[in-house]
Amino acid sequence: MTPARVMGLALVAGLALVTGCTAEPAPVSPRDRVVPAGGFRLVAFDSCPEALRQLKTAAKAYVGPWGFGPNGDIRTFGRAEQAGAPVAAGPADAAPKGYSGTNTHEVGADEPDLVKTDGKRIVTVQHGKLYVVDPATRRLTGELELAPGADQFGGAEDGLLLHGDRALVLRRDGWAGMATTAVPEGGGRVADAPMPDGIVGPRLIMVDLSGEPKIIGEYRIDGNLVDARQVGTTVRVVVRSAPRLNFPYRERATDEQRTAANREIIDNATADDWLPRYEVTSGGRTSAGRVGCERVSRPAAYSGTSLVTVLSFDLGVVTLGAGAPVTVIADGDTVYSNGPRLYVANDQRWRVLPMLTTRNIAPDPRDETTEIYQFDISGAGAPRYVAAASVPGWLINQYAMSEWDGHLRVATTSGRTWGDKPNSTSSVYVLRADGTALTQVGRVTGLGKGERIFAVRFVGGTGYVVTFRQTDPLYTVDLRDPGAPKVSGELKINGYSAYLHPAGEGRLLGVGQEASDQGRVQGTQLSLFDVSDPAKPTRIAQYHVKQGHSEAEFDPHAFLYWPAERLVVVPLTVHGTGLPSNVAVALRVGDGGFTEVGTVDHTLGTGRPEDLTPIRRSLVVDGVLWTVSDAGLKAASFSTMKTLGWLRTA
């Protein structure tokens, strides 16, 4: 175990897992301890040289023979690519009447997605191009090339936010802008990979939609785009970056010599190698800048290898500006916001799991932690840091966090979930901001022994937690008394739900996989749960598609529920059957179960099922169901699924 850990690890120790579900006061083992902000208090640096000195000291302790690579371990990819990563728009029943919007976690905190609508227009980004559709006439009214030469294999897909006549496109351009993993030097099997000179990282593009769409501003910054949230006209963008250092691999050296050489590289680094650079383009002019040392804060314990920057932009003005960056020395991979507050969370799986799976070594409980930072974003200016904490375990995605009545609820899994004797268990912690600390006021532990969390949804004072290994326990957790949360009910069925969606009073929809008694998955299933009695949750209906998979299982943005018609629409990819391989299926939810309304497909014109393009999203505008794929957009009738219009973009 390296002596310097990712920020916050030194604050949390760990012992054995707590067994059994309990909410009553008990001696709290370090593994179940929520560490408040004492060690997390953010402190500004006295000077830039002092900031650089401390960054170097921490990084040198953390670097290994492979640089920040294998077993030195700095991540180069965001969690957005993992199954279970979030991305969605508020529940459809909370969207303005007449159109569905994006399926988001919280009403009022919009999330980037590949398609947006305000009821007057539909805007989508595909293959480096932006398209504008008039839903009333069902015509393509605008097209704009954002990235010449981009195609469907050009990397991570773009995201989109919309307000009035402004669209903000978030492109995950290029390489992650992280410190390189070492590669063999001259004559080795792999050539050195020198650090690029220019900014490599997210590209934000502001587009004017008042006429023919045109680019009116751009912003680039070093690092990886983690996520973004929009409240009104204000967009908060979270970026993770790391020192831009290149560690060549010396084949004839020992590990000790390689580590010493890499520490020397860190010694010779400058502030420019650490602090994110940015460029702003407006009116044909480009200005460059760098996040200043005065904008960087540090907790008492940190790794010195990663920075998290929160940027702020106003879509109500004609320029993007410098983003008013607020930077913390930390990692960050999950973003949650309820509107007034923004939370950035980080866990250690990226570093721990490779060691566990390749060596079957039990994790150090101090590595099984999630750090959470709370920011106040209620104003239009830069975010204000409020509080932080560390909780035991790992998050599944942003849905594992939810703020209600001034309390943050967090669901995590700890321990090993694989092998003959898994020892994992899951918990729900209730935290409340107290000064600069997020203090634990209640907890429930011991959920799903030997399993891990597959889905979480908090609805008011109730939490729903799905764990899975062979069967699917759906736990209902009573959180109305934050100081005394308790498990109120449990339902065990085969399979699991990977996403849960409220569907009116006493009803909960789930989309996931059916499974055998041995836990082998058997295709997409939609479940309708009756949770009106939290002590006795039941499943009253199931819709199962053998050998099916749905993007909605890992990206809630692909899920549509339209309450006015009690209509559920999900994309499906089906293998090994006589059905078309790619469709969107529409189901009507009744008191007794599901009724299939029909399916929609996007054909490329060949008539062959294998040429049907996967449908990615569904939305509603003025009583018409629109589906979106990489091939185009289709309008269909609610009642019959009959095609009303087809706009090809591929």
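Buried means under 20% relative accessible area, exposed over 50%, and partly exposed in between (1.4 Å probe, protein chains only). The model is predicted, so local features need pLDDT of at least 70 and side-chain atom pairs pLDDT 80 or more, while totals for chains, interfaces and linings use all residues. Residues are numbered from 1 along each chain as its sequence is written, and side-chain values use heavy atoms, without hydrogens and water.

Next, pick Val 465. Beyond its neighbours within four places in sequence, its contacts (heavy atoms within 4.5 Å) include Val 428, Leu 447, Pro 473 and Tyr 475.

Now select Cys 48 and Cys 293, which a disulfide joins, S to S 1.9 Å. A disulfide here is a pair of cysteine sulfur atoms within 2.5 Å, and a search of the whole structure finds one. Cys 48 counts as partly exposed because its relative accessibility is 27%; Cys 293, at 9%, counts as buried.

Finish at Ser 337. Because its relative accessibility is 1%, Ser 337 counts as buried. Its side chain reaches the backbone oxygen of Arg 341 at 2.8 Å. Setting aside neighbours within four places in sequence, Ser 337 is in contact with Glu 106, Ala 109, Arg 229, Leu 342 and Ile 377.

Key. Polar contact = N/O pair within 3.5 Å; in protein donor to acceptor, adjacent residues only side chain to side chain.
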